[in-house]
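Here are a few notes from my pass through this one. Have it open while you read.

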Amino acid sequence: MKIVVLVKQVPDTAEERKLELATGQLDREAGDNVIDEINERALESALRIKDANKGTEVVAMTMGPDDAAQALRKALSMGADSGVHILDDSLNGADTHRTAATLAAALRATGFDVVLAGNESTDGRAGVVPAMVAEYLRLPLLGSLISADVTDDAVRGVRQGEGGTLNVHAGLPAILTVTERFPEARFPNFKGILTAKRKPVTTLSVAELDIPASRSRTVVVSTAERAPRAAGRKLIDDGSAASELAEFLVANRLV
Amino acid sequence: MFELTEDQQAVVEMVRDFATTAIAPHAAEWDETKHFPVDVLKEAGTLGMGGIYVREEFGGSGLTRTDAALIFEELSKADPTIAAYISIHNMVVWMIDAFGNDEQRARWVPQLASMEALGSYCLTEPGAGSDAAALSTKAVLDGDSYVLNGTKQFISGAGVSSIYVVMARTADTGSQGITAIVVPAEAPGLSFGPNEKKMGWNAQPTRQVIFEDVRVPVANRLGEEGSGFGIAMKGLNGGRVNMGACSVGGGQAALDKSIAYLKSRSAFGGPLINQQSLLFDIADMDTELETARTLILRAADALDRGAPDTVRLCAMAKRVATDAGFNVANKAIQLHGGYGYLSEYGLEKIARDLRVHQILEGSNEIMRLIVGRLAVGA
């Protein structure tokens with residue numbers, strides 16, 4: 001079985017994250033860039049399938065600038081067999097639609113039985129790219145799963161909805177997205193770290209992919225910094241603080 | 001030498017992730033309850049930390065001494081006690097890998113490198129510490145066995161470890177009459193003293209190891225008869241660098257806490273960090289640690305290259321780094337005022353743990369003896 005895990009390099013959520021106001025794009029210099037944690041969980045579930053069945057091939061795929069190779073390297077050190085890096089300046093600032101079209105073309109070129117992805121990135125947070133990829137590939141999407149069981153020709157999973165859970169299943173090939181209910185990722189071991197750079201990474205440009213020369217369909221009109229947080233209101237207790245606090249909670253629908 | 005390679009950066013990053021999630025949150029509790037976290041050590045083993053600079057053939061990680069120094073510093077930021085035990089374990093595995101024959105390596109290295117089995121190093125005796133060549137535990141050849149009698153003192157991991165590398169006397173010829181012998185925990189006649197009550201290093205057991213007519217096959221001997229003292233000294237060169245790296249890590253953690261504290265604590269109308277005398281303290285601590293780190297990396301590099309001045313550099317590095325680590329931790333307590341004295345702030349533990357690094361793997365007085373003798377050609 002061949003599993004492709006989609007990984008995205010994002011700014012470390014533990015540090016300050018910034019947008020470049022002029023371009024509306026992410027300031028990649030603002031802090032450390034790391035593989036998104038939800039993608040690590042997706043990779044972990046792929047690696048567990050591989051642990052149980054040695055014939056499984058795990059490919060990590062990313063679209064991003066030069067530096068995104070670091071995210072692939074991390075995935076390879078954790079145990080992925082190979083990497084695919086979609087690297088092309090023309091993809092700079094691609095919207096979800098263009099990203100999905102590009103990933104779909106790269107997935108078609110790479111081949112797969114299962115695609116695993118995170119349900120939503122910690123930076124863009126659109127949460128639609130895997131669904132769009134599924135649409136481009138005309139494949140079933142099993143999204144926002146809290147568990148999954150992948151067999152040779154089918155996948156069964158449980159999807160968390162707002163009102164309850166859904167038991168979902170599909171034949172392969174299929175696209176799955178995982179949530180934080182999936183297990184935390186393993187640490188790469190020393191051997192994994194040292195062998196990562198010897199594993200094959202294919203770099204693909206847009207010209208090498210079968211995609212129409214599409215542009216992003218959405219345009220960022222303007223970007224603004226979030227207003228600094230205003231100081232909160234202080235209640236001095238002169239005997240009425242409790243009722244004032246209760247009023248505040250009720251007025252703001254906090255109770 | 002001083003710029004980390006991409007691989008080294010990735011190794012350090014992984015160890016930091018592991019240490020901050022699996023070790024640091026529990027360090028205070030392990031210290032208080034004297035808990036030796038065998039399960040966490042096993043996890044460290046799966047990541048390759050059981051045989052860091054052991055050849056890959058039988059399951060080692062095949063990294064360099066420089067890599068090991070970086071790893072021990074990172075581990076020690078989370079808990080000097082656990083880092084130090086892992087360093088001792090690594091010395092044991094390395095001894096078997098470096099001085100054992102292929103049969104011995106195949107038998108013991110895989111289980112030790114994975115930390116499925118833990119190792120202890122038995123050199124010191126109740127009556128022989130710095131003067132290790134005077135050790136009196138005897139191993140008498142009887143047919144195809146050695147029969148061991150004697151007592152080893154201050155043995156880390158004793159009672160829990162599965163494998164003991166024991167330096168024993170096979171002839172009354174001083175340092176030339178010492179032989180390294182591997183003793184498995186299940187050997188009849190092997191027993192352990194009570195877990196010692198100590199100032200620090202509470203998360204690893206320290207016991208006497210007692211041999212009463214302990215019989216092991218001659219096949220358990222590492223190297224030739226009489227080669228044990230040389231093996232012990234070579235092991236200690238690496239042990240000194242590793243223990244020094246642990247001191248730098250503990251000291252760095254204390255420094256980081258101090259900087260954060262001085263920035264957040266206000267007195268006399270502003271943050272304490274604005275007091276220039278305290279800023280000077282921070283500068284001294286930072287400089288002392290960086291000096292130590294530099295010398296540790298230089299000594300580790302000498303070990304990697306098998307350089308002729310290895311012994312001298314390892315002794316200097318051990319002395320400088322273990323003094324620096326303790327001084328910085330002690331100073332950090334002072335900078336925290338009364339809070340530094342409270343266990344909750346984690347500083348007194350670092351000082352307690354690092355204090356013993358000035359004593360073990362050759363006391364710092366012995367380090368000065370080594371360096372002094374080499375300096376004057378005596």
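This is a predicted model: local features need pLDDT of at least 70, side-chain atom pairs count only at pLDDT 80 or more; totals for chains, interfaces and linings use all residues.

**Notes on a helix and its surroundings**

1. As for α8(B) itself, the helix covers residues 276–305, 30 residues in total. From first C-alpha to last it reaches 43 Å, close to the 44 Å expected at 1.5 Å a residue. Just after the helix, B:Gly306 has a positive phi of about 65°.

2. Which residues of α8(B) are buried? They are B:Met285, B:Glu288, B:Leu289, B:Ala292, B:Arg293, B:Leu295, B:Ile296, B:Leu297, B:Ala299, B:Ala300, B:Ala302 and B:Leu303. Note that B:Glu288 and B:Arg293 are on that list.

3. B:Ile296 deserves a click. Setting aside neighbours within four places in sequence, B:Ile296 is in contact with B:Ala69, B:Val241, B:Gly244, B:Ala245, B:Val248, B:Ala317 and B:Ala321.

4. B:Ile296 also turns up in the largest nonpolar core, which has 177 residues. Together with A:Val5, A:Leu43 and A:Ala75, B:Ile296 touches the most other members. The top contributor to this core is helix α9 (residues 310–335) of chain B, with 15 residues.

5. Now the contact between the chains: eight residues come from chain A and eleven from chain B. On the chain A side, helix α5 (residues 190–196) supplies the largest share, four residues. By type, that side of chain A splits into five nonpolar, two polar and one charged.

Conventions
Residues are numbered from 1 along each chain as its sequence is written. Chains are lettered from A and ligands numbered from 1 in the order in which they are written. Two residues are in contact if their C-beta atoms, placed from the backbone, lie within 7 Å. Helices (H or I, at least four residues) and strands (E, at least two) are DSSP runs, numbered from the N terminus. Ala, Val, Leu, Ile, Met, Phe, Trp, Tyr, Cys and Pro count as nonpolar, Asp, Glu, Lys and Arg as charged, and the others, Gly among them, as polar. A nonpolar core is a set of buried Ala, Val, Leu, Ile, Met, Phe, Trp, Tyr and Cys residues joined through C-beta atoms within 7 Å. A residue is buried if 20 or more other C-beta atoms lie within 10 Å of its own, exposed if 12 or fewer, and partly exposed in between; C-beta atoms are placed from the backbone. The expected span of a helix is 1.5 Å times one less than its number of residues.
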